[in-house]
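Good morning, and thank you for making time for this item. I would ask you to keep the sequence and the model open while I speak.

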Amino acid sequence: MDSALSDPHNGSAEAGGAANGTARPPSTPEGIALAYGSLLLMALLPIFFGALRSVRCARGKNASDMPETITSRDAARFPIIASCTLLGLYLFFKIFSQEYINLLLSMYFFVLGILALSHTISPFMNKFFPANFPNRQYQLLFTQGSGENKEEIINYEFDAKDLVCLGLSSIVGVWYLLRKHWIANNLFGLAFSLNGVELLHLNNVSTGCILLGGLFIYDVFWVFGTNVMVTVAKSFEAPIKLVFPQDLLEKGLEADNFAMLGLGDIVIPGIFIALLLRFDISLKKNTHTYFYTSFAAYIFGLGLTIFIMHIFKHAQPALLYLVPACIGFPVLVALAKGEVTEMFSYEESNPKDPAAVTEGSKEGTEASASKGLEKKEK
């Protein structure tokens, strides 16, 4: 996972350095401000819309849109898995040819990016289809075994509108594969981020604190303790980061002096913010206090990261500033409102867990029976 905010305008050793090893002319203040502001805006969009879509996702019954629930055990293991993955990529880039590794990764993310972008634009594109559009339904089903031992491997439902979105996304995919253009990279990066915030659900606030706390240590160690994360971020030619050129005003769309923001700095705080939105809705007070508080905390934390990075001219572990802000601000609000117990006792069940489904069905049956008895008494 890449989760460092990098500022490459301060020398040729950075990703934005000149290809021939000579130092670039310093970026203009206007170009730097435009790059930072654009990265901040691009980070906010998938968090805001992904959180809204996560509410619908949690209520949905479509198997293809079912969220993946992160438990406390998953959260505790995640920093270890991420560290092993990051170190493995670093060693791969040191041992093997960077060109061939990036070729394989490009093909992999080409497929993933098309699917993610298609899923992202599908709700927006549905508004543009005419009412008489022949929208046929399809189902992709792969099973293993037979009879009572039959097990579903893939069960994906889609329609003709989804196929149109897939075709449009494929155009962006081919553009990215052939040109590696920063706009195509960002379209895929935004799609990955929005899908992550929408489909990855924390089961409770404590799990979110464990995940953010663990990745806080992970981020600080790999950015300040070693050069591993920054090296991987610059060597890894894949849409795992958002980039924006600081020389856009001078070179236009062909600019190549980039500032970058890892997707981990968007998705990890984003799934915590989305959880707080669903917690807000569970309170049934018609307010989104914790969502807006955590959203404002994210803006503050990322803005502080950019400020510190600009002052010290060194890549910063953004989670160093985002984690205290995104956890601390909502907890302070909960303390002021006397809702700390409610916040930390809020629990979301895993919709993929058969036990949870059975329990939900049982509760629904009991509720229906209760209503039936009330009608008979009346």
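**Salt bridges, core and annotated spans**

Lys251 has a relative accessibility of 45% and therefore counts as partly exposed; in the terms used here, buried means under 20% relative accessible area, exposed over 50%, and partly exposed in between, with a 1.4 Å probe and protein chains only. The partner of Lys251 in a salt bridge is Asp247, at 3.9 Å from N to O. Asp247 is buried, because its relative accessible area is 8%. A salt bridge here is a side-chain nitrogen of Lys or Arg within 4 Å of a carboxyl oxygen of Asp or Glu.

Before I continue, two remarks on the basis of these values. This is a predicted model, in which local features need pLDDT of at least 70 and side-chain atom pairs count only at pLDDT 80 or more, while totals for chains, interfaces and linings use all residues. Residues are numbered from 1 along each chain as its sequence is written, and side-chain values use heavy atoms, with hydrogens and water left out.

How many salt bridges does the rule give? The count comes to nine. One of them joins Arg53 and Glu198, whose closest N and O atoms are 3.2 Å apart. This pair links distant parts of the chain, since Arg53 belongs to helix 1 (residues 29-59) and Glu198 to helix 5 (residues 182-199), 145 residues apart. Helices are DSSP runs of H or I with at least four residues, strands are runs of E with at least two, and both are numbered from the N terminus. Arg53 and Glu198 are both buried.

Glu198 also forms a salt bridge with Arg56, at 3.9 Å from N to O. Arg56 lies in helix 1 and Glu198 in helix 5, so this pair ties together parts that are 142 residues apart in sequence.

I turn now to the nonpolar residues. The largest nonpolar core has 82 residues, and those with the most contacts inside it are Phe236, Ile266 and Tyr298. Helix 9 (residues 264-283) contributes the largest share of this core, eleven residues. Such a core is a set of buried Ala, Val, Leu, Ile, Met, Phe, Trp, Tyr and Cys residues joined through side-chain atoms within 4.5 Å. Leaving aside residues up to four places away in sequence, Phe236 touches Leu89, Phe93, Asn102, Leu105, Phe109 and Lys241; contact means heavy atoms within 4.5 Å.

Ser118 sits in helix 3 (residues 98-125). With a relative accessibility of 8%, Ser118 counts as buried.

Phe92, in contrast, is found in helix 2 (residues 72-95) and is partly exposed at 46% relative accessibility.

Finally, the record. An unreviewed UniProt entry lists "transmembrane region" for several spans, including residues 258-277 and 318-336; positions follow the numbering used here, feature names are shortened, and annotations may be inferred rather than shown by experiment. In the model, residues 258-277 are 70% helix and 25% strand, with end C-alpha atoms 33 Å apart. Residues 318-336 are 95% helix and 0% strand, and their end C-alpha atoms lie 27 Å apart.
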